[in-house]
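Good morning. Please have the sequence and the model open while I talk.

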Amino acid sequence: MIISASTDYRLAAKKRLPPFLFHYIDGGAYAEHTLRRNVDDLAKVALRQRVLKDMSTLDLRTELFNEKLNMPVVLAPVGLTGMYARRGEVQAAQAADQFGIPFTMSSVSVCPIEEVTPAIQRPMWFQLYVLKDRGFMKNVLERAQAAGCSTLVFTVDMPIPGARYRDAHSGMSGPNAAFRRYLQAITHPRWAWDVGLHGKPHDLGNVSHYFGEPIKLQDYMGWLGNNFDPSISWKDLEWIRDFWQGPMVIKGILDAEDAKDAVRFGADGIVVSNHGGRQLDGVLSTTRALPAIADAVKSDLKILVDSGIRNGLDIVRMLALGADAVMLGRAYIYALATSGGAGVSHLLHLLEKEMRVAMTLTATRRIADITTDCLVKDK
Ligand code: FNR
């Protein structure tokens, strides 16, 4: 039974998914120190309880880049979402749409852009990786724009994929990976029936579209390694900024100096992120990185943050530390893997309830009222 958003969906997803997929989602880079720090540092942020303030009316709505959000939450881009639930990108996007928040499609999604946008009302956000093949980048941006995507999320913390040792252990990569994945699939019949059999095609929808041939899951890890571009610099981003008509958000900022560069570059927003602890193990948690970044650029652009956010209290903590909104990664993916779009809808309602409790007991009626005043100051 799902009672707590933060733990129950994770355990349910672990039961349902073949291990190679569960560990691909759940794992982080190297020894996973940053993965743990993200969650632990955030949980340690103490909220300041206030009482007897007539908190009968709360307003969780906010606005980002001229879009209205019913809660300051955006679904983060997550690669291979269509492997965790049948046509998973469509299901997640619909749940976000019904709730009234944006869904961000990953460049390396299973469903192509054109399969998702007709299934939702509000504009989708689209995430772009820096690839060596600039032709792919241009093609996918044109398609995202033609499909009505509003905001471009440009991920810059993956010039090279971080080593995720769990993937080699679990069969996502490593020796005999295809055979091990097959064995795991047939021993997880609910996933095998729902996604394995009925969720096809299992390829990178956006990438296959460009290359004119299916880029399959067995090629995925090799494809990432061969195509990501370590030579990227701010200069290379200029044509994308000039090409993209809507707001542009730089995802993967962890340092105040880089945040200032994003302002100089003309970004409309940043996502303070360490990629959920999946890139450079040992870097700061976003909880610890965020305050200095907010001090440096809060008045210049919108600040989103992700990595380690698992419940509604965490959302309030991040807003109090200086974010305008948060992105959810694993939290919604565990729910999606457990029960599809219905799971994501349920999760969003649980988060909303948790936020309401936190706002009531920190005496904050509106999102804009959530400031450092809601936190216990360390002596
Ligand atoms: C990701 N993330 C990610 N980010 C991105 O910009 N493009 C992508 O394709 C992916 N793919 C991806 C796959 C999986 C399985 C995970 C868990 C994450 C990172 C994601 O957008 C976000 O930054 C983190 O998930 C945030 O951390 P939490 O909330 O998962 O702790």
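**The ligand and its surroundings**

An oxygen atom of the ligand is 2.8 Å from a polar backbone atom of Gly308. Before I go on, please note that this is a predicted model.

There are two further contacts of this kind to look at. Asp306 places a polar side-chain atom 2.6 Å from an oxygen atom of the ligand. At Gly329, a backbone N or O atom is 3.2 Å from a ligand oxygen atom. How much of the ligand does the protein bury? On its own the ligand exposes 600 Å², and 99% of that is buried by the protein.

Where does the ligand sit? The ligand is in the largest cavity. Two elements each give two or more residues to the shell around the ligand: helix H2, residues 19–26, and strand E5, residues 125–129.

Now the shell itself. The ligand has 23 residues around it, and those that come nearest are Pro77, Ser106, Thr155, Asp306 and Arg330. How many residues of the shell are nonpolar, polar and charged? The shell divides into 8 nonpolar, 10 polar and 5 charged residues.

Strand E8, residues 269–272, and strand E9, residues 302–305, run parallel and are joined by 4 bridges. If you want to find one of them on the screen, go to Gly269, whose bridge partner in E9 is Lys302.

Last, the two backbone details. What kind of peptide bond joins Lys200 and Pro201? It is a cis peptide bond, with omega at about 0°. Pro201 is in the loop between helix H9, residues 189–197, and helix H10, residues 205–211.

The other detail is at Asn66. This residue is not a glycine, yet its phi is positive, at about 65°. Asn66 is in the loop between strand E1, residues 62–64, and strand E2, residues 67–69.

Technical notes:
Residues numbered from 1 in each chain as written. Predicted model: local features only at pLDDT ≥ 70, side-chain atom pairs only at ≥ 80, totals over all residues. Heavy atoms only, no water. Near = heavy atom within 4 Å. Polar contact = N/O pair within 3.5 Å; in protein donor to acceptor, adjacent residues only side chain to side chain. Areas by Shrake-Rupley, 256 points an atom, 1.4 Å probe, with all protein chains shown as cover. 1 Å grid on protein atoms, 1.4 Å probe; cavity = no way out; pocket = protein on both sides within 12 Å on 5 of 7 lines; lining within 4 Å. Sits in = over half its atoms within 2 Å of the grid points. Nonpolar A, V, L, I, M, F, W, Y, C, P; charged D, E, K, R; others polar. Pairing = 2+ DSSP bridges.
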